[in-house]
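Subject: Structure handover

Hello,

Here is the structure I promised to pass on. Please open it first, then read my notes below.

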Amino acid sequence: MFLRAANSFRQDVHAIVHDFIELERRHITMEDRDFFPAAVKALEPQDWTKIASAMSNPEDPSFSEAAEETFDALRVRISPLEQEAEAERH
């Protein structure tokens with residue numbers, strides 16, 4: 001019973017991670033196809049300066065060193081799952 005529950009949990013986690021990866025890929029594709037080309041056309045040099053400044057602001061927790069370390073750790077954990085999902089698709 002425990003092994004069956006553990007396997008079911010693993011399958012659930014696998015499905016959630018797989019769906020997340022697929023959604024992120026679609027999101028990145030949309031950004032590359034639609035958003036970034038529109039931004040390049042619409043934004044002026046001073047806009048890019050403001051964006052660069054905002055992204056390098058150490059007060060923004062999304063871009064802190066601690067957040068980067070957390071994201072790096074997540075990437076290390078997720079990468080094997082992504083590779084496994086990719087192998088299953090082929």
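A salt bridge here is a side-chain nitrogen of Lys or Arg within 4 Å of a carboxyl oxygen of Asp or Glu. By that rule the count is six salt bridges.

Two notes on the source. This is a predicted model, in which local features need pLDDT of at least 70, side-chain atom pairs count only at pLDDT 80 or more, and totals for chains, interfaces and linings use all residues. Residues are numbered from 1 along each chain as its sequence is written, and side-chain values use heavy atoms, with hydrogens and water left out.

**Salt bridges**

Side chains of opposite charge can pair when their charged atoms come close.

Start with arginine 25. Its side chain meets glutamate 22 in a salt bridge, at 3.2 Å from N to O. Helices are DSSP runs of H or I with at least four residues, numbered from the N terminus.

Arginine 25 also forms a salt bridge with glutamate 82, at 2.6 Å from N to O. This pair links distant parts of the chain: glutamate 82 lies in helix 3 and arginine 25 in helix 1, 57 residues apart.

How accessible are these residues? Arginine 25 has a relative accessible area of 30%, so it counts as partly exposed. Glutamate 22 is partly exposed at 22%, and glutamate 82 is partly exposed at 28%. (Buried means under 20% relative accessible area, exposed over 50%, and partly exposed in between, with a 1.4 Å probe and protein chains only.)

Another salt bridge joins glutamate 68 and arginine 75, with the closest N and O atoms 3.9 Å apart. Salt bridges that share partners join Glu22, Arg25 and Glu82 into one network.

**A nonpolar patch**

Which residues make the nonpolar surface patch? They are Val40, Trp48, Ile51, Met55 and Phe63, and the patch covers about 480 Å². Patch residues have over 30% relative accessible area and no salt bridge; nonpolar side chains (Val, Leu, Ile, Met, Phe, Trp, Tyr) are joined within 5 Å, like charges within 9 Å. Areas come from the Shrake-Rupley method with a 1.4 Å probe; for residues, only the protein chains shown count as cover.

Helix 2 (residues 45-55) gives the largest share of the patch, three residues. Phenylalanine 63 sits in the loop between helix 2 and helix 3 (65-89). Phenylalanine 63 is partly exposed, at 40% relative accessible area.

Best wishes

Definitions and conventions. Helices (H or I, at least four residues) and strands (E, at least two) are DSSP runs, numbered from the N terminus.
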